[in-house]
Amino acid sequence: MSIRDRLSGNEAIATAMRQINPDVFAMFPITPSTEIPQYFAQYVADGKVDTEFICVESEHSAMSACLGAEAAGGRAVTATSSAGLSYMNEVLYVAGSLRLPVVLAVSCRALTGPININHDYSDSLAERDSGFIQLYAENNQEVYDNYLMAHRIAEHPDVRLPLMVCEDGFITSHAIENIEIEDDTAVKSFVGEYKPENYLLKEENPLAVGPYGVSGYYMEARVAQAHAMINAKRVIKEVAADFEKTFGRHYDLIEEYHMDDAEIAMVIMGSSAGTAKACVDELRGQGIKAGLIKVRVIRPFPAEEIAASLSGCKAVAIMDKSEGFSACGGPLFAECAGACINMDARPKMIDIVYGLGGRDFTVAAAKSVYERLGEIARTGQTGPVYVHMGQREV
Amino acid sequence: MAYNLKEEMNKEERFHAGHRLCAGCAAGIVCRAMMRAVNPEDKAVICNATGCLEVSSFQYPYTAWEDSYIHTAFENASATASGVEAAYNVLKRKGKIAEDKEIKILAIGGDGGTYDIGFQSLSGALERGHDFTYFCYDNNAYMNTGTQRSSATPRFASATTTPAGVESVGKKQVQKDLTQIVVAHGSPYVAQTTLFGNMKDFHEKAHRAIYKKGATFVNVLTPCPRGWQYPAENLLEITKAAIDTCVWPLYEVVEGEYRLTYEPKKKLPVEEFMRLQGRFNHCFKPGNEWTIEAAQEYVDKKWDELLSKCV
């Protein structure tokens, strides 16, 4: 029996964590993810969890402690944002290479500078090559649901990779929405117990973790890790199917919105997708064949799915809520353009960098993008491929 | 039971031969001795910072370690150990590890991974009071990358980033007194030791540290023949000179109480330590006599300070 409740994304994640009852939570505060360990600290104080809750002295140590705990045989979690995620950078790669399924909640926030506490994806997308699986959410319900699926995906024997559950800083992390919370017992039985095959504290069989790998071995380890990420694609779908069977809500690598006959489309992530969907509804009401792809999973990247979905489109805008400073487009644009490279008939594709540091994204803004796509579809002229939207004239 | 080296050496090795440490490297001896200090019936998890020891003792697919071992990065051995300890506590509480089973959590790093880049992580773990023991094998410089100075490098030592030259007499700053800094954290057991004689001093301190509940610390002066520039076979001569000149005093601090564990019969001049090593060669050149005087002055001051703290 699910329970209807009003929760922020942060509280939804903390609730999921309480239900899962992880072995170790290593925390260090940073806005806007701080509430997650704060809620959790109260669960610890009230005896609602068995977790060892350690307040470490930095995000680097938070992730390092998670590595130690996970390798030792425990289920380890943490949460962070922005500079905190960047500070973890080195050990995020170690988590991936050691194949430790740590689950990290990220309340995505802009990177400095100027220093800014609001939302964009410059923190999490900068870590897209770290070896973490990355799940993104449009609203608080998806944040909660992604967290319930996270451990099963990460810990699957064919995957064994760390995973980030990403929410939009303040937009989903702090805004309160009505969501369905599942029953504690049902969550526990869905997520299951963590039973690693080998771990440091296994008495009968010691384990050595984190070797020096010379050229004769390094590549094999990296290829195995790459295969694990390929496997993750299948496992994410399998876990989503079981999730739907258990709790009734459907998830996939991408969500297609009016894509069946779409001629113009947007590829977008997170809460902005909700805004853009309202725009699509309006345009559809006017008979305009507009559609939208929401990318739920950034790692592993659903390249084939995106390409297949875009195959009927004439013009597509990739919506980048982070700047990659490549001088030719944001990170999502590069990935999507790459995904489409072998299509027989590619749509015209532009990149719109928007919403940096929490700059508002509105239905009207989405509409202006679709208007431009309509123009490209009519004329066949792409115009400027890489543009920024919503900034003051400079 | 009284310490007996022969009996100790009859114990099963827990740090095996075949590692790739340099001939004469003292770090390997530290590891063997450290593992002998873990009771044979107890298991251990070793958390190792990146450094000479890590790349030499666990090169895939070989490991010198009999016990469980983890290396994650350079600056985070203490944080990694914190996580292992947290998992140990919870798994024990949940009955996944037998109640009567003891698994000791050890961290080990060089002075780079302890005094410098790993200092924050060490300080955090000490403050939180995880039940683990940190061993620093202090070889006075970043040896894995080729003898660059660290905050543990003594004043006047020539390192590759503080070379002696026409305008230089080696490192300008004195060694950071990390042992004192750890004491200031309120750690229940802190000790300074090195390898000498029948290894009794090392063994007893290591054992006390490992079996004292809380975050404990053992700082081990660990000469490096490459970086200190001395013939590999001179190791024990060097460590003996370090303790007899009081360059590296041997003491322990138990629950805040200082105890001197070795007092030289005759305190030797500091040059008896310095002249054994190529890294101080320039100090003995005409015109540089003042460096030896300054080194002596500093050692005397530190020694007097320590004596005043000891009961």
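**Contacts, interface and helices**

Student: Which residues does N144(B) touch, not counting residues up to four places away in sequence?

Tutor: This is a predicted model, in which local features need pLDDT of at least 70, side-chain atom pairs count only at pLDDT 80 or more, and totals for chains, interfaces and linings use all residues. Residues are numbered from 1 along each chain as its sequence is written, and chains are lettered from A and ligands numbered from 1 in the order in which they are written. Two residues are in contact if their C-beta atoms, placed from the backbone, lie within 7 Å. On that basis, N144(B) touches G51(B), C52(B) and V55(B).

Student: Is N144(B) buried, partly exposed or exposed?

Tutor: A residue is buried if 20 or more other C-beta atoms, placed from the backbone, lie within 10 Å of its own, exposed if 12 or fewer, and partly exposed in between. N144(B) lies in the loop between β4 (132-138) and β5 (164-165) of chain B; helices (H or I, at least four residues) and strands (E, at least two) are DSSP runs, numbered from the N terminus. Because N144(B) has 19 C-beta neighbours inside 10 Å, its class is partly exposed.

Student: Which element gives the largest share of the side of chain B that touches chain A?

Tutor: The contact takes 39 residues from chain B and 39 residues from chain A. On the side of chain B, β1 (43-48), α3 (52-57), β2 (68-71), α4 (77-93) and α6 (119-128) each supply at least two residues. The largest share, 13 residues, comes from α4(B).

Student: What arc do the buried residues of α12(A) cover around the axis?

Tutor: The buried residues of α12(A) are A365(A), A366(A), V369(A), Y370(A), R372(A), L373(A) and I376(A). The arc is that of the directions from the helix axis to the C-beta atoms. They lie on the same side of α12(A), because their arc is only 155 degrees.

Student: Which residues on the other side of α12(A) are exposed?

Tutor: The buried residues of α12(A) are covered by elements including β11 (264-268) and α9 (272-285) of chain A. On the other side of α12(A), the exposed residues are A364(A), R378(A) and T379(A).
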